[in-house]
Amino acid sequence: MSSRILIIDCGSQFTQLIARRVREARVFSEIHPSTRSLAWIREWNPTGIILSGGPSSVSDVGAPTIDPALLDVAPVLGVCYGMQLIAHLQGGRVIGGGRREYGRADVEVLESAGLFAGFEVGDRSPVWMSHGDHVEVVPPGYVQTARSGSTIAGFRHDSKPIHAVQFHAEVMHSVRGAEMIQNFLFAVCHCTPDWTPGHFIEQQVASIRERVGDAQVICGLSGGVDSAVAAALVHKAIGDQLTCIFVDTGLLRLHEREQVERTFASGLGIKLITVRAEKQFLDALAGQGDPEVKRKRIGHTFIDVFEQASIDAGKDAKFLVQGTLYPDVIESVSATGGPSATIKTHHNVGGLKPDMQFKLIEPLRELFKDEVRNVGRELGLPDEMVGRHPFPGPGLAIRILGEVTEHALHVLRKSDAIYLEEIRAAGLYPDIWQAFAVFLPVRSVGVMGDGRTYEHVIALRAVTSTDGMTADWFPFPHDILARISNRIINEVDGVNRVVYDISSKPPATIEWE
């Protein structure tokens with residue numbers, strides 16, 4: 001690439017959204033921790049640098065910081081904590097309390113240039129705030145560019161290409177935030193927009209070929225979009241050196257195995273081995289209700305199955321391909337060594353056995369879901385595959401709260417199939433990011449046929465999103481919800497109550513576990 005942006009992770013859960021906004025503008029970006037040395041950064045040779053937000057105060061012991069000389073390496077944009085850090089290092093004043101702002105706010109633009117090129121002075125733009133500290137006084141040599149009431153919401157250096165905003169321009173709630181980021185990329189950094197799905201595929205194909213050589217590779221298919229695209233990408237790179245292994249864990253959706261076998265074996269021409277391991281997974285999960293333990297046991301069992309399947313197939317595989325995505329990584333562990341908090345362990349990130357025989361290939365690790373879909377389309381995968389709702393690697397196990405049993409799986413699988421069937425019949429499937437049913441570990445009193453029942457509760461979840469990092473609940477027409485509830489209660493033995501989840505992410509996650 002002729003241009004690339006270095007994003008310094010100061011701990012924000014939104015850091016990956018900055019990368020997403022940059023890549024949406026077709027400019028390559030990478031995220032690295034604030035501990036990267038100045039020499040390393042100079043060698044990386046960024047076209048521009050973005051300092052992310054974060055939960056710390058700049059005066060905290062151990063708070064993320066940078067060498068002040070970094071501000072002279074390339075144009076810099078500070079976001080939220082990044083703005084406060086610039087102010088702190090350059091002689092401004094940052095104070096805590098008094099003017100906390102969380103959620104939606106309006107900022108007033110004070111100049112029509114730099115980040116705000118294309119704005120009019122006095123324009124009020126809706127943005128997303130999330131800060132307890134604020135800049136009280138801009139540093140010497142800097143000028144204020146935006147305000148939120150009496151709070152400084154933006155500043156820039158009067159002669160150097162250093163800009164900062166107090167709000168999160170990267171989130172969708174900042175209505176013109178993407179425009180501001182693009183102003184930084186193209187008006188300030190003079191980037192060239194040459195990073196595309198096709199370019200990404202070329203890079204990954206070359207990288208995979210170099211790394212793998214003539215070794216055998218296996219790919220674990222889950223039935224979801226991510227593993228399918230990862231398999232197609234690796235197959236493009238090494239062809240018949242790849243063997244896909246589809247493990248029927250017993251935790252799959254209705255008719256999942258048949259669909260995967262049909263698509264991969266006949267549709268894509270990729271070598272496929274199917275392993276029936278339902279008992280092995282259910283035995284591993286027996287008696288266990290803790291979601292973190294469940295994820296890790298599933299991850300460990302997957303590796304056991306893959307290793308044995310590889311031996312049985314006589315492949316002696318050295319590498320394992322997984323469809324790990326950016327949201328998986330950031331929720332499990334800070335992917336780049338930064339201070340971001342762990343939300344939950346994904347079985348393909350933090351749940352793998354440390355002594356497994358395979359080396360991992362995760363070609364999609366730096367992508368968001370919509371980017372993965374674009375890569376899949378570029379690879380020629382059918383839309384019925386790349387357009388499917390996300391399905392987690394641990395499958396229905398994390399949609400059963402508490403212990404996973406055959407009875408709970410049967411009830412959930414049938415309820416989920418009815419739910420998705422009705423969504424498709426209503427023509428709503430493309431409008432929803434992800435929809436699924438959840439088996440709750442409670443029973444409720446009901447009445448059927450003039451008799452008392454004491455049976456299970458099914459929760460329904462449907463969200464809208466663009467990247468999986470934030471999400472809103474989908475506003476179903478009431479008649480459709482009523483029809484779904486009626487069918488589940490009448491057609492699934494053991495269910496007498498259906499509820500609908502109207503939580504957003506954050507504070508909830510999309511999956512319940």
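## A helix to start with

Helix α13 (residues 406–425) has 20 residues and spans 29 Å from its first C-alpha to its last. That is close to the 28 Å expected at 1.5 Å a residue. The expected span is 1.5 Å times one less than the number of residues. Helices here are DSSP runs of H or I with at least four residues, strands are runs of E with at least two, and both are numbered from the N terminus.

This is a predicted model, in which local features need pLDDT of at least 70, side-chain atom pairs count only at pLDDT 80 or more, and totals for chains, interfaces and linings use all residues. Residues are numbered from 1 along each chain as its sequence is written, and side-chain values use heavy atoms, with hydrogens and water left out.

Which residues of α13 are buried? They are Ala408, Leu409, Val411, Leu412, Ser415, Asp416, Ile418, Tyr419, Leu420, Glu422 and Ile423. Buried means under 20% relative accessible area, exposed means over 50%, and partly exposed is in between (1.4 Å probe, protein chains only). An α-helix has 3.6 residues a turn, so residues three or four places apart point the same way. The buried residues of α13 pack against α8 (278–285), β15 (434–448), β16 (451–464), α14 (478–491) and β18 (495–500). Just after α13 comes Gly427, with a positive phi of about 75 degrees.

## The nonpolar cores

A nonpolar core is a set of buried Ala, Val, Leu, Ile, Met, Phe, Trp, Tyr and Cys residues joined through side-chain atoms within 4.5 Å. The largest one holds 116 residues. Leu460 and Phe476 touch the most other members. Helix α6 (residues 225–238) gives the most to this core: 10 residues. Apart from this core lies another, of 38 residues, including Ile18, Leu77, Ala146 and Met469.

What does Phe476 touch, leaving aside neighbours within four places in sequence? Its contacts (heavy atoms within 4.5 Å) are Tyr419, Ile423, Leu428, Ile432, Ala462, Leu481 and Tyr500. Tyr419 and Ile423 are among the buried residues of α13.

## Strand β1 and its partners

Strand β1 (residues 4–9) has six residues, and five of them are buried, so the strand is largely enclosed by the rest of the structure. Two strands pair if DSSP finds at least two bridges between them. β1 runs parallel to strand β2 (residues 28–33), joined by six bridges. It also runs parallel to strand β3 (residues 48–51), joined by four. Leu6 stands opposite Glu30 in β2, and its bridge partner in β3 is Ile49.

β1, helix α1 (residues 15–24) and β2 form a right-handed β-α-β unit. Right-handed means that, with the strands pointing away from the viewer, the path from the first strand over the helix to the second runs clockwise.

Helix α4 (residues 177–188) has 12 residues and reaches 15 Å from first C-alpha to last, close to the expected 16 Å. Its buried residues are Gly177, Met180, Ile181, Asn183, Phe184, Leu185 and Val188. Their cover includes β1, α1, β3, β4 (76–79), β6 (124–137) and β9 (162–165). His190 follows α4, with a positive phi near 60 degrees.

Helix α3 (residues 81–89) is mostly covered, with seven of its nine residues buried. These are Tyr81, Gly82, Met83, Gln84, Leu85, Ile86 and Ala87. Gly91 follows α3, with a positive phi near 95 degrees.

## Why no disulfides?

A disulfide is a covalent bond between the sulfur atoms of two cysteines. Here the test is a pair of cysteine sulfur atoms within 2.5 Å. By this rule the count is zero.

Cys189 is buried, at 7% relative accessible area. For Cys219, the closest cysteine sulfur is in Cys244, at 4.4 Å, which is also too far. Cys219 is buried as well, at 0%.

## Local details

Glu371 lies in helix α11 (residues 369–378). Is Glu371 buried or exposed? It is buried, with a relative accessible area of 11%. Not counting residues up to four places away in sequence, Glu371 touches Arg23, Trp195 and Glu366.

Arg26 sits in the loop between α1 and β2 and is partly exposed, at 42%. Asn45 sits in the loop between α2 (38–44) and β3 and is exposed, at 55%.

The peptide bond from Lys505 to Pro506 is cis, with omega near -15 degrees. Another cis bond joins Pro506 and Pro507, with omega about 10 degrees. Pro506 lies in the segment after β18.
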